[in-house]
Amino acid sequence: EIVRYGEIIGYAVEDLPRGAWIDESKVVLPKAPPLETLPLATRPAPKLEPLEGYTFEGYRNKDGSVGTKNLLGITTSVHCVAGVVDYLVKLIEQHLLPKYPNVDGVVGLNHLYGCGVAINAPAAVVPIRTIHNIALNPNFGGEIMVIGLGCEKLQPSRLLEQAEGTIPIKVDGDSTSVTSLQDEQFVGFKAMVDSIMATAEKHLQKLNTRQRETCPASDLVVGMQCGGSDAFSGVTANPAVGYASDLLVRCGATVMFSEVTEVRDAIHLLTPRAADEQVGRRLLEEMKWYDDYLNAGQTDRSANPSPGNKKGGLANVVEKALGSIAKSGQSAIVEVLSPGQRPTKKGLIFAATPASDFVCGTQQLASGITAQVFTTGRGTPYGLAAVPVIKVATRNDLADRWFDLMDINAGRIATGEATIEETGWEIFHYILDIASGRKQTWSDQWGLHNALSVFNPAPVT
């Protein structure tokens, strides 16, 4: 048995001398925890005293949600219009944004979905729900601007309708606009551009009236994610993020952790933490759904970790999962979301997503996060335009080399310069500063933003 974090991560296939390097070639992957026999809601969460008095300066929306940015989001119903949207974003930035100083920017919500897909397949609810809910992210202020082509399978009308795990978007409100490029009123490209620019200005005028106001920390919705992980992720950065997660939950905030394949092999440590048996069963449902998804693709858990993870010292997905769940802290899990769903409760939530950095980020964005904390040991320039992404380095070497890409250095935990608790508090206060606009992440300073990658488990036709 090879033991790490107090759990068996595998079995040695040969004698291992003291101090020997342990890599995947020397380890047999153990069986995944069987879902049928796991205990549900058997471990009461430790009693953590509520934290009161912590606030941030956010943008209060009509529906009660609070944004950390003030952005114009342009939703698309199909990838065909992505080039037009990119063109318009540049024009809006050059000619319109200078007139509206309270608006932080404009984001084209392009994706690869919308046509050439089995739109009525059961699994199509995932991408449709995701695109729908991204438009409702609190950082877009309730201003819904949709651009479609006209002949796509995902018609804007369907995109705006209520689907499973969504709330309907009122198409008759003055905060919602839908433009179809194939509309016969448009004669030439310039006519399309002029019309959409006029529509964008109407939304910008309304967004410009938004002002930051003091809001309780309970209004925060923070996503926790890791990528480019190494053997220190589960020792330094992830436990510190887990401590910050507990601080946020104690404030009454919403915290999401995700990445099904990086939870599956530690699920036996999570089901006992479910707030009740129903939440525990929902965890099992999401694990089984993904097991079936991987089996249908004729792959298995060994497809994770990545080559960089292995070079950073991770032997297999079990070791990675045990380190990954440290981001969730100790709080009880109060709700489980399917990909792209929005939460109905506050507290610690498992939002099911693939482990891919950009897919997970896109799905958490749909679930309503307004800030994200991202731990990395190998390093990544990953970022999202719609929400600030706080990077936490696992090692001093990475933090020093990437001094203008990493926001917080958790490597000091390994060298004894800081504790997990001290670094957790540092992350917590940094989240409040970022959410208030008092500080800016390195990703936002450099404008390093990944494209959206909507999870589509349904067939492509």
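How many residues of the lining of the second largest pocket are nonpolar, how many polar and how many charged? In this predicted model, the lining divides into 8 nonpolar, 10 polar and 10 charged residues. The second largest pocket holds about 680 Å³ of space. Its lining is made up of 28 residues. Those nearest the centre of this pocket are Lys-62, Gly-141, Gly-142, Glu-143 and Ser-175.

The largest pocket has a volume of about 980 Å³. A total of 42 residues line this pocket, and Val-107, Leu-384, Ala-385, Ala-386 and His-449 lie nearest its centre. Two elements, helix H1 (82-96) and strand E7 (105-109), each give two or more residues to the lining. Strand E7 gives the most, with 5 residues. By class, the lining of the largest pocket comprises 19 nonpolar, 15 polar and 8 charged residues.

Empty space left between atoms is shown by rolling a probe the size of a water molecule over them. The count of cavities of 30 Å³ or more comes to 3. In the largest cavity there is about 50 Å³ of space. The lining of the largest cavity consists of Val-260, Thr-261, Arg-264, Asp-265, Tyr-290, Asp-291, Leu-294, Arg-301 and Val-317. Helix H7 (residues 277-296) gives the most to this lining, with 3 residues. In terms of class, the residues lining the largest cavity are 4 nonpolar, 1 polar and 4 charged.

Helix H2 (residues 125-135) and helix H10 (residues 357-366) have axes that come within 7 Å and cross at roughly 60 degrees. The two helices are therefore oblique to each other. On the H2 side, the contact involves Thr-130, Asn-133 and Ile-134. These residues meet Thr-362, Gln-363, Leu-365 and Ala-366 in H10. The contact of H2 with H10 has 3 nonpolar and 4 polar residues, and no charged residues.

Aromatic rings were searched over the whole structure, and 13 aromatic pairs were found. One of these is formed by Tyr-54 and Trp-425, whose ring centres are 6.2 Å apart. The ring planes of Tyr-54 and Trp-425 stand at 45 degrees, so the pair is tilted. Tyr-54 lies in the loop between strand E3 (27-28) and strand E4 (55-60), while Trp-425 belongs to helix H12 (residues 420-436). The pair therefore ties together parts that are 371 residues apart in sequence.

Notes
Residues are numbered from 1 along each chain as its sequence is written. This is a predicted model: local features need pLDDT of at least 70, side-chain atom pairs count only at pLDDT 80 or more; totals for chains, interfaces and linings use all residues. Side-chain values use heavy atoms; hydrogens and water are left out. Axes are lines fitted to C-alpha atoms, for helices over the stretch in contact, and angles run from 0 to 180 degrees between N-to-C directions. Helices (H or I, at least four residues) and strands (E, at least two) are DSSP runs, numbered from the N terminus. Angles under 35 degrees count as roughly parallel, over 145 as roughly antiparallel, 65 to 115 as roughly perpendicular and the rest as oblique. Contact means heavy atoms within 4.5 Å. Ala, Val, Leu, Ile, Met, Phe, Trp, Tyr, Cys and Pro count as nonpolar, Asp, Glu, Lys and Arg as charged, and the others, Gly among them, as polar. On a 1 Å grid over the protein atoms alone, a cavity is a set of points where a 1.4 Å probe fits but cannot get out, and a pocket is an open set with protein on both sides within 12 Å along at least five of seven lines; lining residues have an atom within 4 Å of a point. Grid points are joined across faces, edges and corners, and a volume is the space filled by probe spheres set on the points. Rings of Phe, Tyr and Trp (its six-membered ring) pair if their centres lie within 6.5 Å; planes under 30 degrees apart count as stacked, over 60 as edge-to-face and the rest as tilted.
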